[in-house]
Amino acid sequence: MKVLITGAGGQIGRDLIKAYAAEGATIIATDARLPEAAVAVASWHRLDVTEAAAVEQAFAEHKPDLVVHLAAILSATGETNHIAAYNVNQTGTWNVLEAARKTGAPRVLFTSTIAVFGPGLPDPTPDDVPLRPTTMYGVTKVAGELLCDYFRGKFGLDVRGVRFPGLISGSKPGGGSSDYAVHIYYDGVRTGRYQAFCRADTRIPLMYMPDGVRALRELAAAPRERLSRAIYNIAAFSPRADEIAASAATAIAGLDVTFVPDPMRQAILDSWPRALDDSLARREWGWAPRYDLAAMTRELVAELRQTLATSSQNK
């Protein structure tokens with residue numbers, strides 16, 4: 001199988017590349033800026049998804065069996081540069097879907113987010129609710145979901161996707177409002193302390209990256225006739241920020257986490273659901289998380305320590 005990934009240099013892309021490469025897939029990794037340390041198992045190419053002709057040319061040249069559209073500017077970064085967020089997230093998604101239609105790409109995988117939701121929704125939040133996001137990131141992801149529905153219904157394009165919770169991994173955070181959860185571990189292992197930009201009682205849906213990568217691969221492989229919709233909620237766990245800190249402290253001796261809310265990011269976090277209802281994904285394509293908070297803590301801290309030790313040895 002040949003897999004083309006947009007935004008492959010980001011948090012999800014690197015782990016997804018490794019997972020597909022382990023299955024023997026050919027990986028065409030694309031990004032607007034090529035990473036300094038590219039994952040060697042992929043073929044890397046510069047591709048800016050805002051450039052329609054370049055996207056179409058890449059699809060026509062590589063003829064991928066699966067396109068995974070990851071390229072995006074995340075919530076906090078998008079609020080400081082809303083024009084770039086619109087161009088990359090909305091125009092970029094249009095360009096990807098239109099190129100897939102024109103070149104006959106067999107399948108497109110779209111990554112949406114809990115940022116599509118707004119305040120006042122029930123917990124857990126089901127798939128079909130009014131979408132009233134409070135960020136440009138969320139607005140563009142709502143538009144992206146609707147474009148997926150349109151291309152699926154109008155042109156028969158096989159496009160499917162997930163609404164990701166906040167994702168936690170061993171990679172350096174990339175400008176999302178859920179990054180406090182990553183930094184508790186990332187900074188905790190490196191320095192033993194972290195000042196979180198949210199309240200201690202902040203609670204949003206979260207997921208460990210191996211589960212997120214597996215969700216994408218399982219949805220991509222699901223028979224089309226089993227899928228009743230394009231976009232699905234997926235969920236894992238929803239701890240308070242201070243519960244994440246307490247869990248991390250079980251593996252990082254002496255960890256000191258303090259909480260000093262940043263008004264902009266806290267407002268974004270407060271607008272999101274505290275939990276997601278992913279029963280439809282579980283029923284239609286067998287989704288189920290494997291990691292809870294404790295299991296993630298054990299594995300993630302060990303990974304970060306190994307990465308830190310390797311980095312020290314290479315200096």
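Author: Trp 285 is buried, with a relative accessible area of 6%. Buried means under 20% relative accessible area, exposed means over 50%, and partly exposed lies in between (1.4 Å probe, protein chains only). The model is predicted, so local features need pLDDT of at least 70 and side-chain atom pairs pLDDT 80 or more, while totals for chains, interfaces and linings use all residues. Residues are numbered from 1 along each chain as its sequence is written, and side-chain values use heavy atoms, leaving out hydrogens and water.

Now the rings. Rings of Phe, Tyr and Trp (its six-membered ring) pair if their centres lie within 6.5 Å; planes under 30 degrees apart count as stacked, over 60 as edge-to-face, the rest as tilted. That rule gives eight aromatic pairs. One of them joins Phe 151 and Phe 155: it is tilted, 5.3 Å centre to centre, with 50° between the planes. Both residues sit in helix H5 (residues 136–155), four residues apart, about one turn of the helix. Helices (H or I, at least four residues) and strands (E, at least two) are DSSP runs, numbered from the N terminus. Phe 151 is buried, at 0% relative accessible area. Phe 155 is partly exposed, at 37%.

Tyr 232 and Trp 285 make an edge-to-face pair, 6.0 Å centre to centre and 80° between the planes. Tyr 232 belongs to strand S10 (residues 231–233) and Trp 285 to helix H10 (residues 279–285), so this pair ties together parts that are 53 residues apart in sequence. Tyr 232 is buried too, at 0% relative accessible area.

Next, Ile 234. This residue lies in the loop between S10 and helix H8 (241–249). Ile 234 is buried, with 0% relative accessibility. Contact here means heavy atoms within 4.5 Å. Setting aside neighbours within four places in sequence, Ile 234 touches Trp 285 and others, including Val 162, Phe 164, Met 207, Ala 215, Leu 276 and Trp 287. Thr 113 is 121 residues from Ile 234 in sequence, yet their C-alpha atoms are 9.6 Å apart in space.

Ala 215 is among the buried residues of H7, as are Val 213, Arg 214, Leu 216 and Leu 219. H7 has 13 residues (209–221); at 1.5 Å a residue they should span 18 Å, and the end C-alpha atoms are 18 Å apart, which agrees. The expected span is 1.5 Å times one less than the number of residues.

Two arginines also meet rings. A charge sits over a ring if NZ of Lys or CZ of Arg is within 6 Å of the ring centre and within 35 degrees of the ring normal. Arg 190 lies over the face of Tyr 186, 3.8 Å from the ring centre. Arg 265 lies over the face of Phe 197, at 4.2 Å.

Last, the setting. The protein has eleven helices and eleven strands. Of its 315 residues, 53% count as buried. Among contacts between residues at least 6 apart in sequence, 78% join residues at least 24 apart. The C-alpha atoms fill a box of roughly 55 × 50 × 40 Å, taken along the principal axes.
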